[in-house]
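Visitor: I would like to learn how to read aromatic contacts in a protein model. Could you take me through them step by step?

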Amino acid sequence: MAELVLGPVLRHVDPRSATLWVETDTACEVEIAGHRAATFQVGEQHFALVVVEDLEPGTTIPYDVRIGGDVVWPPAESPFPAPVIRTGPVRRMLFGSCRAAKAIPNPTKADKLGVDALDSYALRMKDEPVERWPDALVLLGDQVYADEPTPRITEWLAERRPEPVGEVVSFREYAELYHESWADPEIRWLMSVVPTSMIFDDHDVRDDWNTSRTWREQMATKKWWPERIRAGLASYWVYQHLGNLSPDELARDPLYQKVRTAGGDVQQLLEDFAEEADREVDGHKSTRWSYKRDFGPIRLLVIDTRSGRILSGPERLMVGNGEFEWIEENATGDFEHLLIGSSLPWLMPHGLSHLQSLNERMAGLPGLRGRIGETVRQVSDLEHWPAFRASFERLARLLERVSKAEDAPGTVCVLSGDVHHSYAARASFASKVDAKVYQLVCSPVHNDPPWIFRPAFRLSWSKPIARFLRWLADRRGISPDPVAWHKLSGPHFGNSVGILEFEGRESRFRLETAKTDGLHEVASLTL
């Protein structure tokens, strides 16, 4: 009989339906809450997306996973509460990024990356009533580390092939990263009961992914890279992207319909699609990884800030014009809160923001100065929104328009990660200095860097350094910032989880950091 390998992962949920993702060890039919779906095959592996429909809004529905009539989830001796689907309103949302897998087989030993904040949250949840559980989880990148595997994965890779050392290449190898990370008992249970949205960042594919045209040219010289990018995006489509889509979107998605009806191994189909999608940086619009989710009166727009970059032409763009038009179109509407999920922060520490715009200008120069600028860009990871100045300014103008509209949302929050410290900042615009527009950053969930990084992050908020770099930017002809911002809280360090709580048009941001004795609140702000 077929067995459950991974999942269930509760993905898209609305008042009438829920989508659950599973991986099995062979072809079979999976049943959840009376609804069935056949698996599809990718190489050696098998997956199913079960859409549970005709649910009642505002209800809590227990469920299990069955294969051939036998219950395969939850385990008989599970210490966690039974899995449920909840179709009520979203009042509490978790978010964060950068969650590396635990690198130690023995849980009694200290984890060099610190205590996993999401793991700690799950442990607290299991002793709380369902009514106190979060209603949604948004993972903002680096769900797996394809170029920084754990010692166990590194040893396993060395047995498979000699190079590249310590990096995954194939679909099967990417899958092993997800197995290691998502099979963690606490995380596996949490993801079975909290609807989860996801987007990639660089480590989901490779460090500095699409930093620049030069980076792409350098990667193209590596003989294993074509297989790597095909497998990276194909595995992302299977493990992360599919579950972001609503049932209606799945029904309209031509690739998903081909996968469902293929009747055999679809790895070639998915990897051909992935190769085409990778060409987006050349201006060819082949796919869109960005997506929209509405949680009642809360709109979440999640932006692909990696795969859709435009890296050649008159100016570098974080996303292409077509993609940005989609963002602008969906950023307005009748909702109480607008959330923009961007793996990379829009508003950064002022010093870093000005430095990135300066570096973009230098890297675009011909000759030695341009080569130095490009080297600094890659080594220092200067590739956030301010390093794509045109896109930084366009997003600022959009959020200004949204904030001053007659039907403006109660709050506009850009949710981000990546930078390995957490903070909250508030934006103000010349036309509306009291705009309720915020940058909220939670990073990492489980990948606390060495302490030496902390002084550098603190220094990046220094006002004298910011003034000096802004002066340099003025001298280099970089346009004035179209937005001002000030830090409300932070920088905070350590593995953390961000929490947004909604009550009508009001909202609150909290940040909790994991210690060995549990989670501790380090920030609490009324927005």
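Visitor: Is Trp189 buried or exposed, and how do I judge that?

Guide: Buried means under 20% relative accessible area. In this predicted model, Trp189 has 2% relative accessibility and therefore counts as buried. Phe80, at 14% relative accessibility, counts as buried as well.

Visitor: How many aromatic pairs are there in the whole structure, and how are Phe80 and Trp189 arranged?

Guide: A search of the whole structure finds 26 aromatic pairs. For Phe80 and Trp189, the ring centres are 5.1 Å apart and the planes meet at 15 degrees, so this pair is stacked. Because Phe80 lies in the loop between strand E9 (70-73) and strand E10 (84-86), while Trp189 belongs to helix H4 (residues 185-193), the pair ties together parts that are 109 residues apart in sequence.

Visitor: What arrangement do Phe171 and Tyr239 form, and which parts do they tie together?

Guide: Planes between the limits for stacked and edge-to-face, under 30 and over 60 degrees, count as tilted. Phe171 and Tyr239 form a tilted pair, with 6.5 Å from centre to centre and 40 degrees between the planes. Phe171 lies in helix H3 (residues 171-182) and Tyr239 in helix H6 (residues 225-241), so parts that are 68 residues apart in sequence are tied together by the pair. Phe171 is buried, with a relative accessible area of 1%, and Tyr239 is buried at 0%.

Visitor: Which cluster do ring pairs link together?

Guide: Ring pairs link Trp21, Phe40, Phe47, Phe171, Tyr178, Trp182 and Tyr239 into a cluster.

Notes: Residues numbered from 1 in each chain as written. Predicted model: local features only at pLDDT ≥ 70, side-chain atom pairs only at ≥ 80, totals over all residues. Heavy atoms only, no water. Phe/Tyr/Trp six-rings, centres within 6.5 Å; stacked < 30°, edge-to-face > 60°. Helix = DSSP H or I, 4+ residues; strand = E, 2+ residues; numbered from the N terminus. Buried < 20%, exposed > 50% of the residue type's maximum accessible area, 1.4 Å probe, protein only.
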